[in-house]
Amino acid sequence: MRSREAIAALIPHQGLMCLWEEVLEWDPERIVARSEGHRDPAHPLREGGRLHALHLCEYGAQLMAVHGGLLARAHGGRARPGVLVALRGVELRAARIDDLPGALEGRARQLAAGEGSWQYEFEVLHAGELLASGRAAVMAREQETVDDHARADAAATPSGAEGDER
């Protein structure tokens, strides 16, 4: 998989928020990807002109999403959207990453998978040096339906109130 667009077709993150640009290899248990977007002045996670290493946790979480998308596609489906619910054992070995020349490489390995939850360990490296590592857990989002939205709208409207008829 050689483009951000191909990766974005698998995950909810779009545009520059799709952080990985190339999948180098993957199998049912792991994934390796590359990105050079950390130097882009328009990076959506930059703050004060800098991209802090803490955001490497998002890079790790997106590796999980890409891997899940690839697994689902291999089985003829689409991955369910998920929510990051936990980070554990995170180690950062840099303060910022926007000033690093060359590509970042991300590696993730699935530790556990259930009907609606997944756990992975991840690493992000630069020039062969470890920048960040940790474990992450994701839970699938509830599938919302039109009926769910109608019930939520009805619950938000005061009893006996009519819509605004301007």
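How many bridges join S1 to strand S2 (residues 30–35)? Four do, and the two strands run antiparallel. Strands here (E, at least two residues) and helices (H or I, at least four) are DSSP runs, numbered from the N terminus, and two strands count as paired if DSSP finds at least two bridges between them. The model is a predicted one, with local features needing pLDDT of at least 70 and side-chain atom pairs counting only at pLDDT 80 or more, while totals for chains, interfaces and linings use all residues. Residues are numbered from 1 along each chain as its sequence is written, and side-chain values use heavy atoms, with hydrogens and water left out.

S1 and S2 make a hairpin with three residues between them. Val23 sits opposite Ala33 in S2, and Trp26 faces Ile31 of S2. S2 also pairs with S4, again in the antiparallel sense, over six bridges; here Val32 has Arg107 in S4 as its bridge partner.

Zooming out, the protein chain has three helices and six strands, and along the sequence they come in the pattern α-β-β-α-β-β-β-β-α. An open sheet of six strands is arranged in the order S1-S2-S4-S5-S6-S3, with antiparallel pairing. Its edges are strand S1 (22–26) and S3, each of which pairs on one side only. From one strand to the next, the twist averages 20°. Helix H2 lies across S1, S2, S3, S4, S5 and strand S6 (129–140), and runs at about 125° to S5. For that angle, axes are lines fitted to C-alpha atoms (for helices, over the stretch in contact), and angles run from 0 to 180 degrees between N-to-C directions.

As for contacts (heavy atoms within 4.5 Å), residues 24 or more positions apart account for 60% of those in the protein chain with a separation of 6 or more. Buried residues make up 33% of the 166 residues in the chain, where buried means under 20% relative accessible area, exposed over 50% and partly exposed in between (1.4 Å probe, protein chains only).

Ile31, in strand S2, is one of the buried residues, with a relative accessible area of 0%. Leaving aside neighbours within four places in sequence, Ile31 is in contact with Val23, Glu25, Trp26, Leu63, Val66, His67, Leu70, Gly106, Arg107 and Ala108. Ile31 and Leu70 are 39 residues apart in sequence, with 9.5 Å between their C-alpha atoms. Over in strand S4 is Gln110. Not counting residues up to four places away in sequence, Gln110 touches Pro28, Glu29, Leu71, Trp118, Gln119 and Tyr120. Gln110 and Glu121 are eleven residues apart in sequence, and their C-alpha atoms are 6.7 Å apart.

Most residues other than glycine have a negative phi. Ala127, though, has a positive phi, near 50°. This alanine is exposed, with a relative accessible area of 70%.

The largest pocket has a volume of about 630 Å³. Of the 28 residues lining this pocket, those closest to its centre are Ala65, Ala79, Arg80, Gly82 and Trp118. The elements giving two or more residues to the lining are helix H2 (56–74), strand S3 (82–92), strand S4 (104–113) and strand S5 (117–126). H2 gives the largest share, nine residues. By type, the lining divides into 16 nonpolar, seven polar and five charged residues. Ala, Val, Leu, Ile, Met, Phe, Trp, Tyr, Cys and Pro count as nonpolar, Asp, Glu, Lys and Arg as charged, and the others, Gly among them, as polar.

A pocket, on a 1 Å grid over the protein atoms alone, is an open set of points where a 1.4 Å probe fits, with protein on both sides within 12 Å along at least five of seven lines; lining residues have an atom within 4 Å of a point. Grid points are joined across faces, edges and corners, and the volume is the space filled by probe spheres set on the points.
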